[in-house]
There are 2 protein chains.
Amino acid sequence: MDDDLIKKIRSVPDFPKKGIIFRDITTLLKDGKALRQVVDMFYDRYKGMKVDKLVSVEARGFILGAALAYKLGAGFVPIRKPGKLPAATVRQEYALEYGTDSIEVHKDSIPSGDRVLIHDDLLATGGTTRAACKLVERLGGKIIGLSFLIELLFLHGRDQLPGYEIFSILKYESE
Amino acid sequence: MDDDLIKKIRSVPDFPKKGIIFRDITTLLKDGKALRQVVDMFYDRYKGMKVDKLVSVEARGFILGAALAYKLGAGFVPIRKPGKLPAATVRQEYALEYGTDSIEVHKDSIPSGDRVLIHDDLLATGGTTRAACKLVERLGGKIIGLSFLIELLFLHGRDQLPGYEIFSILKYESE
């Protein structure tokens, strides 16, 4: 793993609540060289894989996801919270620690058979990403990979995503 | 103006409320060629202008903003709704049709004197962009341009942004 890159991540204790250490990627993103480096690392991983659509979850996922879509020459498809997308959508519910949440994607955003790369900034428990995978597959998209800037290994998100190829650049072994 | 590009925008009547025609950019973004074309148009406009930071407002603004930051080699700085950014922020209030809203940026995101390009997907009345300009200038950033994919000319957003260099790719003369 790249030690210089991980030093660009700011760790904020007790955000958004007590006991959580928030890994803040904005300190990496504001560094033009570091931003370019991580997008190029993703690009090197996926450049030969004929990606038709890059799908990202709002809002932080849009940042590196859209830059990578541009570099790959892929289309960009946003997954959003309910009520944000103006045309016909499909919706997927997923479990939170307490209660449930939902995400949506436009029905006509991914033609059946399209090769899809999903990107998010962070792989934690994997719940949001699993819901994103279900949305893409309900539209007939073929998921060729899941990509993350950060993976929190101690939350075992990979176990919730069996059968998918997963790539993350920065890994945290513990909280 | 590019007729082929404007055809990629989907017009959704009565969203988010009756009487509004929403200009939906997702139908352009999902087209890899169109996405590349608009980012390259922005790049051609700003490539010689030594942009240190590309600043965008959540969430749709992140998409083309981050791709453009990558292409320019600039750092990317997100402006967000209150409570989303984990470290110390400055906050700016602005007027809505009814009431007010606020946006925030990290205090340490823009060193004084940095050359800043602001991007958002849409210029409407200009209120959000004006608040974004104030945030950047409170940090000491020098705004070298404001860029938008779409400009709604009939809302006269430019009048709220005197003295700034404004560039938009797709313009609507009327609702």
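Q: How many salt bridges are there between chain A and chain B?
A: In this predicted model, four salt bridges are counted between chain A and chain B.

Q: Where does A:Asp108 come into that, and which residue of chain B does A:Asp108 pair with at 2.7 Å?
A: A:Asp108 forms a salt bridge with B:Arg10, and their closest N and O atoms are 2.7 Å apart. The pair crosses between the chains: A:Asp108 sits in the loop between β6 (100-106) and β7 (115-123) of chain A, and B:Arg10 belongs to strand β1 (residues 10-13) of chain B.

Q: What about B:Lys30, which side chain of chain A does it meet in a salt bridge?
A: The side chain of B:Lys30 meets that of A:Asp108, with an N to O distance of 4.0 Å.

Q: Staying with the interface, how many residue pairs are in polar contact between chain A and chain B?
A: There are 18 such residue pairs between chain A and chain B, counting those with both residues at pLDDT 80 or more.

Q: What is the area buried between chain A and chain B?
A: About 3,300 Å² is buried between chain A and chain B, and carbon and sulfur atoms give 62% of that area. On the chain A side, A:Lys30, A:Tyr70 and A:Pro86 lose the most area to chain B, together 24% of what that side buries.

Q: New topic, aromatics. How many aromatic pairs are found over all chains?
A: The search of the whole structure finds eight aromatic pairs over all chains. One of them joins B:Tyr46 and B:Phe167 edge-to-face, at 6.2 Å centre to centre with 75 degrees between the planes.

Q: Where in chain B are B:Tyr46 and B:Phe167?
A: B:Tyr46 is in helix α3 (residues 32-46) and B:Phe167 is in strand β9 (residues 166-172), so the pair links parts of chain B that are 121 residues apart. B:Tyr46 is buried at 0% relative accessibility, and B:Phe167 is buried with a relative accessible area of 16%.

Q: What geometry do B:Phe62 and B:Phe76 have?
A: B:Phe62 and B:Phe76 form an edge-to-face pair, with 5.7 Å centre to centre and 90 degrees between the planes. The pair links helix α4 (residues 61-72), where B:Phe62 lies, with strand β4 (residues 75-79), where B:Phe76 lies. B:Phe62 is buried at a relative accessible area of 0%, and B:Phe76 is buried at 0% relative accessibility.

Q: Which residues of chain A do ring pairs link into a cluster?
A: The cluster consists of A:Phe42, A:Tyr46 and A:Phe167.

Q: Back to charges. How many salt bridges are there over all chains?
A: The whole structure holds 26 salt bridges over all chains. Among them is A:Glu151 with A:Arg158, whose closest N and O atoms are 2.7 Å apart. A:Glu151 is buried at 2% relative accessibility, whereas A:Arg158 is partly exposed with a relative accessible area of 36%. Salt bridges that share partners also join A:Arg10, A:Asp24, A:Lys30 and B:Asp108 into one network.

Q: Last one, the backbone. Which peptide bond involving A:Pro16 is cis?
A: The bond from A:Phe15 to A:Pro16 is cis, with omega near -5 degrees. A:Pro16 is located in the loop between β1 and β2 of chain A. Another cis peptide bond joins A:Glu58 and A:Ala59, where omega is about -10 degrees.

Terms used:
Residues are numbered from 1 along each chain as its sequence is written. Chains are lettered from A and ligands numbered from 1 in the order in which they are written. This is a predicted model: local features need pLDDT of at least 70, side-chain atom pairs count only at pLDDT 80 or more; totals for chains, interfaces and linings use all residues. Side-chain values use heavy atoms; hydrogens and water are left out. Buried area is the accessible area (1.4 Å probe) that two parts lose on being put together, summed over both. A polar contact is a pair of N or O atoms within 3.5 Å; within protein, one must be able to donate a hydrogen and the other to accept it, and residues adjacent in sequence count only if both atoms are side-chain atoms. Rings of Phe, Tyr and Trp (its six-membered ring) pair if their centres lie within 6.5 Å; planes under 30 degrees apart count as stacked, over 60 as edge-to-face and the rest as tilted. Helices (H or I, at least four residues) and strands (E, at least two) are DSSP runs, numbered from the N terminus. Buried means under 20% relative accessible area, exposed over 50%, partly exposed in between (1.4 Å probe, protein chains only).
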